[in-house]
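The following questions and answers go through one protein model. Each answer works towards the value or name asked for.

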Amino acid sequence: MPFAADYKSMSTTEMRRCVSRYKRMRDNAQALLDTCGRAYTPKTKQELRSIRRFADKGIQSGFAAIEKAEAKKAKMKKGKK
């Protein structure tokens, strides 16, 4: 899964797909913690939390890349008029 440097070569549609994958990853990790949290060892819980943090970083960098790409598009459209 890409981070900020990898988002540069993508279209905004691909960026949105990656962000939705990160959201799904985060939601799944959170659901596992919520439903089965007591059954897991502390190490497993820590791994799920780190997956959740990793996904949050991916979501944040994805949204930043999307905003940047859309601003660039708007600037290019404005320059053509």
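Buried means under 20% relative accessible area, exposed over 50%, and partly exposed in between (1.4 Å probe, protein chains only). This is a predicted model, in which local features need pLDDT of at least 70 and side-chain atom pairs count only at pLDDT 80 or more, while totals for chains, interfaces and linings use all residues. Residues are numbered from 1 along each chain as its sequence is written, and side-chain values use heavy atoms, with hydrogens and water left out.

Q: What share of the 81 residues in the protein chain is buried?
A: The count runs over the 81 residues of the protein chain. The buried residues among them make up 23%.

Q: In what order do the elements of the protein chain run from the N terminus on?
A: Helices (H or I, at least four residues) and strands (E, at least two) are DSSP runs, numbered from the N terminus. The protein chain has 3 helices and 0 strands. The order is therefore written with helix symbols, and from the N terminus on it reads α-α-α.

Q: What percentage of the contacts with a separation of 6 or more joins residues 24 or more positions apart?
A: Contact means heavy atoms within 4.5 Å. Among the contacts in the protein chain with a separation of 6 or more, residues 24 or more positions apart account for 59%.

Q: Which residues does T12 touch, not counting residues up to four places away in sequence?
A: T12 is found in helix α2 and is buried, at a relative accessible area of 14%. A69, in helix α3, touches T12 and M15 under that sequence limit. The residues that T12 touches are A69 and K73.

Q: How many salt bridges does the structure hold?
A: Side chains of opposite charge can pair when their charged atoms come close. A salt bridge is a side-chain nitrogen of Lys or Arg within 4 Å of a carboxyl oxygen of Asp or Glu. Under this cut-off the number in the structure is 3.

Q: How many residues apart in sequence are the parts that the pair of R16 and E70 ties together?
A: R16 forms a salt bridge with E70, with 2.4 Å between the closest N and O atoms. R16 lies in helix α2 (residues 12-36) and E70 in helix α3 (residues 42-80), so the pair ties together parts whose distance in sequence is 54 residues.

Q: Is E70 buried or partly exposed?
A: Its partner in the salt bridge is R16, which is partly exposed with a relative accessible area of 42%. E70 has a relative accessibility of 35%. E70 therefore counts as partly exposed.

Q: Which residues are linked with R26 in a network of salt bridges?
A: D27 forms a salt bridge with R26, the closest N and O atoms being 3.6 Å apart. The side chains of D56 and R26 also meet in a salt bridge, at 3.3 Å from N to O. D56 lies in helix α3 and R26 in helix α2, so this pair ties together parts 30 residues apart in sequence. The residues linked with R26 in the network are D27 and D56.

Q: What relative accessible area does D56 have?
A: In the network of R26, D27 and D56, R26 is partly exposed at 25% relative accessibility. D27 is partly exposed with a relative accessible area of 43%. D56 is partly exposed, and its value is 28%.

Q: What distance separates the C-alpha atoms of A69 and Y40?
A: A69 has its place in helix α3. A69 and Y40 are 29 residues apart along the chain. Their C-alpha atoms are separated by 41 Å.

Q: How far apart in space are K68 and R16, C-alpha to C-alpha?
A: K68 is in helix α3 and is exposed, with a relative accessible area of 64%. K68 and R16 are 52 residues apart in sequence. From C-alpha to C-alpha, the distance in space is 13 Å.
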